[in-house]
Amino acid sequence: MSTDPPADDLTRRIDAAIAEVFRTESLGYAEGRSAMRALGAFGAAAVDRVLELYRGSTSGPQEHARLLNGLGTSAIDAQAAARRAVARACPHRYVERLAGRLEPTDISVVAEIHDPRVSSLLISLLDHRDGEVRSRATTALIGRIEGHGNDDGHTREMAERAVLERLDDESLSVRAVAAYAVARRSRADGIAAYQQILWPTEPETLAFFDVQQRIAILRRGEELPPPV
């Protein structure tokens, strides 16, 4: 006998669609995309339900818990897939439900959705105490500068200024993203920017060697790949 809380028919159907996203997380690309489209088709109601469950403001069906437990460490990816599905289908509603505050776990979810407010939310994370969060936020902003979020020119310029201001960030990974923003406009200035962000005390980490490789790419006149 089920001990799940009572729910109306729409909620039950949305919960079933969420479960299908969780179920297809470890399957192929086509299955996962199909499940995400089906969930997104519920529109604003799905946004509200997915975020309620993710934030723990309401209890969900036991089927969700069973599926997520079975996924282990991939459960985080499955939950992100559900949020990404509804964010893409109903971006304005999703951003409204964020209430002006973007959590680090939502960076990849909103990075490419078509709502100019996302850039402002990402910029708000550039002062986060965690360098990894700042790096992910600046990388997402680069994507929006290059058109992934379909922002207007003014919003892209605002995002670019915010990224360029991180050229003196404590984290080399963040500085490297800012240097890429320079290199997008000028190869020569990009080489200089990458050289300047390698401080004398910088340890030889993967980020250090990546910057050196990028300098070499620019010197050879090849196309510079975006940060990832």
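**Reading the core and its surroundings**

Modeller: The largest nonpolar core has 68 residues, and those with the most contacts inside it are L39, Y94, L102, I107, V110, V163 and Y194. A nonpolar core is a set of buried Ala, Val, Leu, Ile, Met, Phe, Trp, Tyr and Cys residues joined through side-chain atoms within 4.5 Å, where buried means under 20% relative accessible area with a 1.4 Å probe, protein chains only. Helix 11 (residues 172–185) gives the most to this core, with nine residues; helices are DSSP runs (H or I, at least four residues) numbered from the N terminus.

This is a predicted model, in which local features need pLDDT of at least 70 and side-chain atom pairs count only at pLDDT 80 or more, while totals for chains, interfaces and linings use all residues. Residues are numbered from 1 along each chain as its sequence is written, and side-chain values use heavy atoms, with hydrogens and water left out.

Biologist: With which residues is Y194 in contact, leaving aside its neighbours within four places in sequence?

Modeller: Contact means heavy atoms within 4.5 Å, and on that basis the partners of Y194 include A176, A179, Y180 and A183, as well as V211, R214, I215, L218 and L224.

Biologist: Is R134 buried or exposed?

Modeller: R134, which is found in helix 9 (residues 131–145), is buried, with a relative accessible area of 8%.

Biologist: Which side chain makes a polar contact with the side chain of R134?

Modeller: A polar contact is a pair of N or O atoms within 3.5 Å, of which, within protein, one must be able to donate a hydrogen and the other to accept it, and residues adjacent in sequence count only if both atoms are side-chain atoms. The partner is the side chain of D169, at 2.8 Å, and the backbone oxygen of H128 also lies 2.8 Å from a polar atom of the R134 side chain.

Terms used:
Helices (H or I, at least four residues) and strands (E, at least two) are DSSP runs, numbered from the N terminus. Buried means under 20% relative accessible area, exposed over 50%, partly exposed in between (1.4 Å probe, protein chains only).
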